[in-house]
Amino acid sequence: MELKRNVLGSSWSPDLQLLIVATESHLLMISRDFYVISEALIRPTTTGKDQLLTIERRLMTKQCSFPGEAMRNFLRSVASTKFFMPKQMDSPSKNIPLNKTFCRQLRIWNRELDFMSQCEFLAGIEAALCMRSNGNLIAVPRVVSNERHIWFYERNGQSRSKFKLMATNAANCGGGELDARSVVRHLAWNLDSTVLMIYYEDFSTKSFQLQFWTVSNYSWAEKLCLSVEEIIDFFWDPENANKFHYLARSGVYRKILLRSEYNCEDMIVVSINGDRARITDFKYAPIPPPMCHYELNLDFVGTPSAFAQSPVFGLAFVSSDFKRISTFPLQNRRFINGKNIAIEAANVRLLLNLIWRDEKALLAFRKCERSDKSFELVELRLDTRTIFCLKELDVLPFAHTLIPNDRLDWLSNEANCVNVEHVKLDDKCLIALEEMKSREIERCGELIANEPNGTRVWLQMPRGNLEVIHPRPILLERLKRWLDAKEWSKAFVEMRRHRIDLNLLYDHNPKAFNDSIEQFVFQINDVDSLNVFLTSLQSGDTTREPMFAPFYPERQTNQQQKLKRAEGVKVNAICERLRSHLMGIKDEDGDRFTRLYPVVLSSYVAETPSRVSAALANMWTQIAKMKKNEDEHSDLTRRWIKHLTYLVNESVLFKQALKTYDVEIAFLVAHSSNLDPKEYLPVLNDLKKKTPPTYQKYHIDLFMGDWNSALEHIAMLAQLPHDDDVENGVEVGACTASAYLDECLKLVEHHKLYPAAMKLFCGRPHYEEICGITAKEMERNGRLKEAAILHEKAGDLTAAMNCHLKLQNFLEFCRLAKHSKQTEEKIESELRKMGMQMLFKDDHLAAAQLFIYLGKEKILECFEKANAWDKLSAFVSENRPSIQGVVNRAQVILSTRCAQIIEQIDSWRDSLTKHTKRLEVLREEKKGKLATMALTKQLDDGDQLDAFSESSVSSSNTSLSRYSKAFDPKYQSWKKTRKMERKKQTIKDGSRWEDGALLVALKDIHQRIDVQQDELVELLPALLSMDLFERACRLQNEMLTFLEFVANNHEIVWSSNLEAHHLPGPLTELYCDFAETALVEMPKKIQLTNELFPPKLRSTGAEWKLEIIE
């Protein structure tokens, strides 16, 4: 690319995608391929998109003008101009400072070279320019009235803020009068815009300085100033925001790693601001910078290169030229002026990790002269003003870290030296750092200080404000120490302040808590605190919860502790111990007991399940025992009931008061609560009228809905003899026992309390009445057997017989019939009906037993239909003399059945032979097809056509109703399987599933044969018993021969070696994933259908074969 214009400057964008070139009249945007994308006038003729406009209203005229128009006209008339491109573009916007004789003007374009805004003409502005990474601020240096400031402007040209720079000097960094021959060459913000670099040049001495500034609460402070060689290029690291790189003209490349930390010892924080140190004592007032309690003016010029702080020896600052040390001793938590010591050293270098060793010496690391890769530990003697080398090291053992005095022994062995992040504050600060990593705090938050003997840690947020936190590790460790020392009061207050689960008071050490319950109450000694503790109790071990588990690792590994505690055991045990202790102090200190008694009430409520009624009863007892006047009793009652209303809902409390069965307590609770008198007065007045007391309790239970308790109370009244009514407080006009019984029966029937009533009345009066109503309920629910038993207990034999009649239990029916008053004709008629019902339900064996009882015929026919040959034989043997012709009829039945089985065997043999031969033919055909297809590498056309026709129909249907459930893939698979199973149920010649249908039919025949052998177990002995020896012998031989045939046939149908042509179904189904090599092997996937599993065969006749006829 060739430009026919004079190029005045150029710069790449941060992403290196665009190159901006400035000529005398235009800005050119050039791509990485060096094609001009767009261009813009350096002197725009239009107003910028973000330009601030000021409208001036002129009186007596209608004209409005925009200030700055005259300036633009004046600018166009200037012929001699000079342009400066910024060193580094930190924003998508492009900034061009226009240099004139007395002033400059900033103009801003965006990434598309659209003109955005311009500033007013600025006097004394220098050529350096820098924009923040987010593009919201532009930093430029200005010299006005012999003072140099860094000004910050918004993108729309409006000034935001500024800060003053100290005058530079060739010999040092900072101090002195402003030299007109010095200039700010460059400004640069780091990656996150937290540090601003300022590069100075002094023309008179040809010296250069780097300054690094940070901001806090809108106050800028100089943190570091270094004298360097002339820099020809520099940049901030694109990944590490605190790393700065520069290249000197001599060819030396250096990098500077900055670390911003507050130094704190014993809550005294030191912050550097140029040649001054800000001191803030957090013990008195934690105030954020730039505020401080006082400042220390250093005795040397410039920022210190290193400093050490000690609560014993004070502060020590090393100058930036490493030749002077200023000390400030500490007295009464305030630093005072000390000594200014000049170090006599021929070659000074940067000191790292400066710390106090004793009153007269400091320790530090520095680079070794002999090698650029090794370090040495040096001692700075303040009394002799010299530096001694103590030990040489290959690596720096403590990176950016101050070494405490008690860790100097680590340096004796390099293998023991480890890297740590921060040990200057104390070990708690390490925990606080981990807490900061886990908490969601604002980005760029810094750790300021911590409380040495407490839990507070101060953080400075990016906005500059201070926040105090209590890191959980520090807090829990402190709580554990208090709990181990049984300082319950301190632990309780701290846990309440930080909202820590109060269950930890017990779960930390349950045994110690139980043994120290008296000490716990004595230390707390506050009603509200003890109530809060009780109401916060929960079952389970809090030390295994995620919040506390890391601090109790032994609880996680103990297998016995991992067992879940029973619900309510922990809570109930604590409540019981606390309540027993408080009840024990009643005699010792009555006033203290009265003051702490609400805790006793809370202990009843906190239990699982809650015992509110027990609390009310105990309260009423304690009030009755107190020797106080009526007013005091009333006041205590009101206050204690009011306390219960805080824990329990008022309506629930009223019901629980009724549960005490004391109407007076219920009146007090209702009166002390906010219940409407129209609601509770009618109820209580009605209850008060109920007599005797047991009947009153019964009605209270009815009001409460406690039906079981109501049943117990009414049962007590119903079971009283009539003569005992007066003795038990039954007044004139009250109900009698019979009336109570009627009410009891109605209660049982209405609320289905039959089991509870049976338990209460068992072995007691009126048990028959309860059995009667329970039997009717069982009969309504279809529980006829239970109803029959209960009817018999109630003395209702007719109802019991009807139940047995429905159950067709003729033996029990006949047993009850003997004791009933029914006639024999009616009983026999009922039994005949029962027999006909048995025959209708095909219960022939039961019908045969009933007919034997009735002495009727058709007994043998029933045994025949039930295949109960042993019972038939036994019946004939017993009735051979009494019943004429019974043997002949039995022989005819047995002979007929024997002939039927032999005929069935012949039929099975023919079917097995036919199906087996057809199956062999089909398998040979499939084997031939497989061989042919393996050669031709394609499926059979007939099978393919059938398969494709089904798939085409399915696909067409799917296209017609895409979202229909019927065409879901799972539904299609189920439908296909169902269709396949249906085809296997019918043998059809030439069908695609014929071989599968044959296997299903063969397996069905095998199962029938197996069932037939079960019948022979009884049939063959019956034949011998009826002297049918020849028929038994023939039947056994026929079956044995047939079983041998079945065994041979079984091996043919279900071979032990399964091959591809043995698989049932069409080839298109077996080889659905067709491949060239698939047809010479078994299919990759085989569906194991039921017919593939061979049926089990018993050993031939082992169970039923008779040796006597073999």
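**Figure 1. Contacts across the whole protein chain.** Among contacts in the protein chain with a separation of 6 or more, 49% join residues 24 or more positions apart. The model shown is predicted. The protein chain has 1110 residues, and 45% of them count as buried. Its secondary structure comes to 34 helices and 39 strands.

**Figure 2. An open sheet of three strands, β20-β21-β22.** The strands stand in the order β20-β21-β22, with antiparallel pairing. β20 (231-236) and β22 (253-257) are at the edges. Each has a single partner strand, so one side of each lacks a neighbour in the sheet. On average, neighbouring strands of this sheet are turned by 20° against each other, direction ignored. The view takes in the pairing of β20 with strand β21 (residues 243-248), where five bridges join the two. Look for Phe234: its bridge partner in β21 is Tyr246.

**Figure 3. The hairpin of β24 and β25.** Two residues lie between these strands in the hairpin. Gly274 sits in the turn and has a positive phi of about 65°. Six bridges join β24 to β25, and the two strands run antiparallel.

**Figure 4. Strand β25 and its pairing with β26.** β25 covers residues 276-281. Five of its six residues are buried, so the strand is largely enclosed by the rest of the structure. β25 also pairs with strand β26 (residues 294-297), in the antiparallel sense, over four bridges. Arg276 stands opposite Asn297 in β26.

**Figure 5. Ser145, a residue with positive phi in a loop.** Ser145 is not a glycine, yet its phi is positive, about 55°. The loop that holds Ser145 runs between β13 (138-144) and β14 (147-153). Is Ser145 buried or exposed? Ser145 has a relative accessible area of 68%, so it is exposed. The cut-off for exposed is over 50%.

**Figure 6. Met267, a buried residue with positive phi.** Met267 is not a glycine either, and its phi is positive at about 65°. Its place is in the loop between β23 (263-265) and β24 (268-273). The relative accessible area of Met267 is 6%, so this residue is buried. The cut-off for buried is under 20%.

Figure 7. One runs from Thr608 to Pro609, with omega near -5°. Pro609 lies in the loop between α11 (590-606) and α12 (612-625). Another cis peptide bond runs from Thr691 to Pro692, again with omega near -5°. Pro692 lies in the loop between α16 (677-689) and α17 (693-704).

**Figure 8. Glu777 in helix α21.** Helix α21 spans residues 767-780 and includes Glu777. With 7% relative accessibility, Glu777 counts as buried. Which residues does Glu777 touch, not counting those up to four places away in sequence? They are Lys752 and Tyr754.

Figure 9. Helix α23 is made of residues 797-807. Its buried residues are Ala799, Ala800, Met801, Cys803, His804 and Leu805. An α-helix has 3.6 residues a turn, so residues three or four places apart point the same way. Just after α23 comes Gln808, which takes a positive phi of about 60°.

**Figure 10. A nonpolar surface patch.** Leu1058, Met1082, Ile1086, Leu1088 and Phe1093 make this patch. The patch has an area of about 450 Å². Where is Leu1058 placed? Leu1058 is in the loop between α33 (1029-1053) and α34 (1067-1070). Its relative accessibility is 46%, so Leu1058 counts as partly exposed.

Conventions: Residues numbered from 1 in each chain as written. Predicted model: local features only at pLDDT ≥ 70, side-chain atom pairs only at ≥ 80, totals over all residues. Heavy atoms only, no water. Buried < 20%, exposed > 50% of the residue type's maximum accessible area, 1.4 Å probe, protein only. Contact = heavy atoms within 4.5 Å. Pairing = 2+ DSSP bridges. Axes fitted to C-alpha atoms, helices over the stretch in contact; angles between N-to-C directions. Patch = residues over 30% accessible without salt bridge, like charges linked within 9 Å, V, L, I, M, F, W, Y side chains within 5 Å. Areas by Shrake-Rupley, 256 points an atom, 1.4 Å probe, with all protein chains shown as cover. Salt bridge = Lys/Arg side-chain N within 4 Å of Asp/Glu carboxyl O.
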